[in-house]
Amino acid sequence: MEKFELFENERATAYDSFVKNWIPNYGTFLNMLPYLFNDTRNDKLLAVGCGTGNEILVLKENGYSGSIMGIDPSPEMIAQATDKLKEYSDIVLKEVFVSQLTIDHQFNAATLILVLHFLKDDGEKLDLLRDISIRLEPKALLIMLDITGNDKEIKKNLEILRKLLPEDMGQDEISKRMDRIYHELQHVSEERIIELFIEAGFEEPTKFFQSTVYMGWMARKKD
């Protein structure tokens with residue numbers, strides 16, 4: 001997990017505007033989280049790769065009463081999250097990898113948003129999901145948002161995404177980002193996502209959200 005790509009400097013400071021521009025209906029996805037975690041069984045949440053804390057803020061602003069630990073290996077992202085969430089006393093933010101957390105600190109809910117596609121499917125993706133799984137109680141709910149699809153599906157959905165981007169975005173920026181998504185990021189098919197969840201100790205996941213190349217998945221840890 002130490003191979004995880006860090007967001008630093010300009011990438012960190014521009015992250016919030018970046019995700020809003022590049023993920024159509026990103027806000028809609030985040031606004032689903034308070035409803036999906038609206039259960040007394042989900043009162044100790046682990047936000048893996050929490051970035052600037054967007055999902056944590058939405059949960060707290062919409063009445064999530066449980067405790068939250070947000071972790072991210074980027075010090076700049078954690079600094080932004082700390083500032084954004086400073087009014088909430090039941091949030092702990094740590095600059096660590098999930099593998100560095102003690103296993104006896106069990107959570108009963110987790111998020112993994114826009115992280116998995118940075119890891120190769122050579123054991124790294126599975127290791128991350130397993131690292132999360134062993135820190136969750138049985139039946140704990142994990143919600144994930146990630147780039148998903150085989151090469152053909154990604155290519156078609158990128159053309160749809162191109163039509164939905166802000167009109168003032170430069171064509172060079174668009175082309176470079178499209179090329180990075182298709183050729184550099186480590187997306188896998190829906191079938192492979194399901195296999196990875198099951199191998200990591202979760203029940204078969206359900207896809208509940210899609211916005212072009214971005215898909216939202218949810219699954220509970222097996223008993």
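Which residue in β7 is the bridge partner of Thr206? In β7, Thr206 has Met218 as its bridge partner.

The structure is a predicted model, in which local features need pLDDT of at least 70, side-chain atom pairs count only at pLDDT 80 or more, and totals for chains, interfaces and linings use all residues. Residues are numbered from 1 along each chain as its sequence is written, and side-chain values use heavy atoms, with hydrogens and water left out.

View A. Helices (H or I, at least four residues) and strands (E, at least two) are DSSP runs, numbered from the N terminus; two strands pair if DSSP finds at least two bridges between them. Strand β6 (residues 206-211) pairs with β7 in the antiparallel sense over 5 bridges. These two strands form a hairpin with 2 residues between them, and Thr212 in the turn has a positive phi of about 55°. β5 and β7 also run antiparallel, joined by 7 bridges. Ile143 has Met218 as its bridge partner in β7. Of the 7 residues of β7, 6 are buried (under 20% relative accessible area; exposed is over 50% and partly exposed in between, with a 1.4 Å probe and protein chains only).

**View B. The buried side of helix α9.** Ile193, Leu196 and Phe197 are the buried residues of α9. They cover an arc of only 100° around the axis, which puts them on the same side of α9; the arc is that of the directions from the helix axis to the C-beta atoms. The buried residues of α9 pack against α6, β5 (136-147) and β7 (214-220). Gly201, which follows α9, has a positive phi near 105°.

View C. Phe197 belongs to helix α9 (residues 190-199) and is buried, with a relative accessible area of 0%. Leaving aside neighbours within four places in sequence, its contacts (heavy atoms within 4.5 Å) include Leu129, Leu142, Met144, Trp217 and Ala219. The C-alpha atoms of Phe197 and Ala140 are separated by 13 Å, the two residues being 57 apart along the chain.

**View D. Lys125, a buried residue without a salt bridge.** Lys125 lies in helix α6 (residues 124-133). Lys125 is buried but has no salt bridge, the nearest side chain of opposite charge being Asp146, 5.2 Å away. A salt bridge is a side-chain nitrogen of Lys or Arg within 4 Å of a carboxyl oxygen of Asp or Glu; Lys and Arg count as positive and Asp and Glu as negative, while His and the chain ends are not counted. Not counting residues up to four places away in sequence, Lys125 touches several residues, among them Leu116, Gln186, Val188 and Leu196.
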